[in-house]
Amino acid sequence: MTEPKPLPLPILTERLVLRRFEAGDLDAYHAYHSLPETARFLPGEAKSYTKSMESVGKYANFVFEKEGDWICLAIEAAESPGLLGEVVLKWLPGCGQAEIGWSLAPEARGKGIATEAAEALLQLGFEELHFHRIDAKLDALNTASAALCERLGMRLESTQVDKWHYKGQWATEVVYAILEHEWKSRHPA
C-alpha cells in the first residue's frame with residue numbers, strides 16, 4: 001500500500017459513472033435501503049429516512065487515508081443519471097488488505113451493473129491504491145453476490161458455519177478473495 005493520494009473520481013466504465021454521493025441521492029438511496037429485501041444481507045435493519053440521511057452524508061464526505069476508512073461510491077448509468085446503488089471498499093487492518101461490497105436498487109439488479117461497478121473498484125484498489133488482497137464477506141445464502149464474486153475472478157477461501165447471529169438467526173459466512181497478482185494476470189496492462 002502506498003501513501004494515500006487523491007482518488008481519481010468520478011470513475012467511468014463502459015456504462016456507468018461511479019462518483020461521490022450527493023444530497024440529491026437521498027430519496028433514491030432511501031427507496032432501496034428501506035426495503036427488507038435490500039437489508040436482508042446487510043448489517044442492521046431496513047433504514048429509516050434519518051438513517052439514510054446519515055449514510056448519504058457520510059458517503060458524500062468520506063475520507064480515505066488510513067486503515068478503517070471506506071470508499072463508498074454512488075453508481076449511476078452514464079446515459080441516464082440517477083442512483084442505482086453503491087459499491088464500497090474498506091481499508092482493513094494489516095498490510096495491503098481491503099474488503100469490497102455492493103448494494104443495488106431492485107430495478108438495477110440482474111443487469112451486470114454490480115459486476116461492472118465492482119470490477120472498476122477492484123481496478124482502483126489494485127492499480128491505484130496497490131492493495132495486496134481484496135476480499136468479500138457474504139452470508140452463504142446470498143447466492144447472487146457469491147456468483148458476482150466468481151465472475152470477478154475471486155476464489156472461495158472459507159466457509160464459517162454459524163459465524164454471525166443477526167436478524168434473529170445464525171448465518172454462515174463465506175469469504176471470497178483475490179490477490180493483486182491474480183487480478184493483474186486477468187487484466188494485463
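Tutor: Contact here means heavy atoms within 4.5 Å. The model is predicted. Start with helix 1, residues 26-33. Its buried residues are L26, Y29, H30, Y32 and H33. What covers them? The cover on these buried residues includes helix 2 (36-39), helix 3 (49-60), strand 4 (80-92) and strand 5 (97-104).

Take helix 3 from that list. The axes of helix 1 and helix 3 lie 9 Å apart, and the two helices pack at an angle of about 125°. Helix 1 is therefore oblique to helix 3. Their crossing is right-handed. On the helix 1 side, the residues in contact are L26, D27, Y29 and H30. They meet Y49, S52, M53, S55, V56 and Y59 of helix 3. Sorted by class, this contact has 6 nonpolar, 3 polar and 1 charged residues.

Now the charged pairs. Side chains of opposite charge can pair when their charged atoms come close. The count for this model comes to 15 salt bridges. Three of them follow.

First, K137 with D135. The closest N and O atoms are 3.0 Å apart. D135 is buried, since its relative accessible area is 4%, under the 20% limit. K137, at 29%, counts as partly exposed. Both residues also belong to a salt-bridge network, which links E99, R133, D135, K137, R155, E157 and E182.

Next, E173 with K163. The N to O distance in this salt bridge is 3.1 Å. The pair links distant parts of the chain: E173 sits in strand 8 (residues 169-179) and K163 in strand 7 (residues 155-166), 10 residues apart. E173 has 2% relative accessibility, so this residue counts as buried. K163 is partly exposed, at 41%.

Last, K184 with E180. Their closest N and O atoms are 3.1 Å apart. Both residues lie in helix 6 (residues 180-186). They are 4 residues apart, about one turn of the helix. E180 is buried because its relative accessible area is 18%, and the limit for buried is under 20%. K184, at 37%, is partly exposed.

The lysines K137, K163 and K184 are partly exposed.

Key. Residues are numbered from 1 along each chain as its sequence is written. This is a predicted model: local features need pLDDT of at least 70, side-chain atom pairs count only at pLDDT 80 or more; totals for chains, interfaces and linings use all residues. Side-chain values use heavy atoms; hydrogens and water are left out. Buried means under 20% relative accessible area, exposed over 50%, partly exposed in between (1.4 Å probe, protein chains only). Axes are lines fitted to C-alpha atoms, for helices over the stretch in contact, and angles run from 0 to 180 degrees between N-to-C directions. Angles under 35 degrees count as roughly parallel, over 145 as roughly antiparallel, 65 to 115 as roughly perpendicular and the rest as oblique. A crossing is left-handed if the near helix is turned anticlockwise from the far one by less than a right angle, and right-handed if clockwise. Ala, Val, Leu, Ile, Met, Phe, Trp, Tyr, Cys and Pro count as nonpolar, Asp, Glu, Lys and Arg as charged, and the others, Gly among them, as polar. A salt bridge is a side-chain nitrogen of Lys or Arg within 4 Å of a carboxyl oxygen of Asp or Glu.
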